[in-house]
Amino acid sequence: MIQNYTSLVIGLSMCFALFSCAGNKPKSVKGEEVGFVKQQLTDEFVGEGAAVADVNKDGQLDVLTGAFWFEAPDWKQHRLANAERFVAGEGYSNAFLSFSDDIDGDGWEDVIRVGWPGKEVVWYSNSKNQTGLWTESYIYPHFGNENPLYVDIDGDGVLDLLGNDPSLKQIIWLKLDKDNPTAQWQKTVISEEEGIPGVHQYTHGLGYGDVDGDGHKDVVIAEGWWQNPGNPSQVNWTFHRESISDKCAQMYIQDLNGDGLVDILCSSAHDYGVWWLEQSVNESGERSWIRHNIDTSFSQSHSLMLADINRDGHQDLITGKRYFAHNGKDPGGHEAAVLYWYEYHPGPTPRWTRHQIDNDSGAGLNFVVRDINGDHKLDVVTSNKKGVNVFLQQ
């Protein structure tokens, strides 16, 4: 149910948007001055991945998750695919992650649905304001890793899918054929070496960034990383086995302490902890990763994002509990479904100050941090077993 104050919030948001369009963009603020207003689009469990797009071309961003899209500004619910009923505590959905994009290049935003790990990944073609369900097309039949990424691997400006094929024991990336968008996406095998880690359908932890500083982005998992050969379409990248992290969610690669070496931000998908990993290289050139905890107070932070929440020029960390990730069986599974943002303070010893967004929603396997209402302030959109929620920054 949409909360009763939705109309008031929408009115305020429109005022903020008009104020911003006049050229008066909001200035940076201290973390404690940032607040959010919650709008619950539905309390039903429909999926654990969220995306946003202007679905109907009315100039407003809508929310997509699972088999539905919610029309802004009143968040009317529409069905885009055949819907199943999912019950929190009794099972899982067939929509683990969602990504929006104009897949077929027709000028209308479509949606990618990543289903059960190791099963098919599909996309739905926007109906262009016509009645009926959207057309489904298969991308790939067996797509694994619980935190696959939608990133531009080959630098052509078109996003690709990065994950694994557990049926063939391969680390892969998938590329859209722009001339035939309904065809199965083209696969490049990053690695299929016997005994490599990261190929199980439920693999946790995946990142994409330049680990060795050679100017090419590498593929990172908890047990090591594959070195980009310079041409990402080349098969069988070189693997460097390193003990980087415990099992985790998305892994963000960047220099956090200003020493010229990239570090990694990550979190525990099914246990307690959010942390950063400091890269260290000894005189022999051997690389190691030193763990520094950021927060150990809550569990199941199965997704995280980086974005400048308070507009101070620094990328902050946003994450929250994937409520009932294993239906209450994980450590801390019955504790509050919190959602936080962590204000980043750079320096040789970087710090993060925690700020609460909400304590009864959490996050799923992927969520969105974006300016939803045009007021130049970043908002947060989540979908999980607690329902679908929009948090407007005030």
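What is the strand order of the open sheet of four strands? The order is β2-β3-β4-β5, with antiparallel pairing. This is a predicted model: local features need pLDDT of at least 70, side-chain atom pairs count only at pLDDT 80 or more, and totals for chains, interfaces and linings use all residues. Residues are numbered from 1 along each chain as its sequence is written, and side-chain values use heavy atoms, without hydrogens or water.

**Sheet**
- β2 and β5 (76-79) are the edge strands, each pairing on one side only.
- Strands are DSSP runs of E, at least two residues, numbered from the N terminus; two of them pair if DSSP finds at least two bridges between them.
- Strands β3 (residues 62-65) and β4 (residues 68-71) run antiparallel, joined by three bridges.
- V63 has F70 in β4 as its bridge partner.

**Largest pocket**
- Its volume is about 620 Å³.
- A pocket is an open set of points on a 1 Å grid over the protein atoms alone, with protein on both sides within 12 Å along at least five of seven lines; lining residues have an atom within 4 Å of a point.
- The lining of the largest pocket holds 29 residues, with F99, Y150, V151, Y252 and M305 nearest the centre.
- Strands giving at least two lining residues each include β2 (51-53), β6 (97-101) and β10 (144-151).

**Cavity**
- The structure holds one cavity of 30 Å³ or more; in a cavity a 1.4 Å probe fits but cannot get out.
- Among the residues lining the largest cavity are L64, T65, V111 and R113.
- β3 and β7 (110-114) are the elements that give two or more residues to that lining.

Terms used
Grid points are joined across faces, edges and corners, and a volume is the space filled by probe spheres set on the points.
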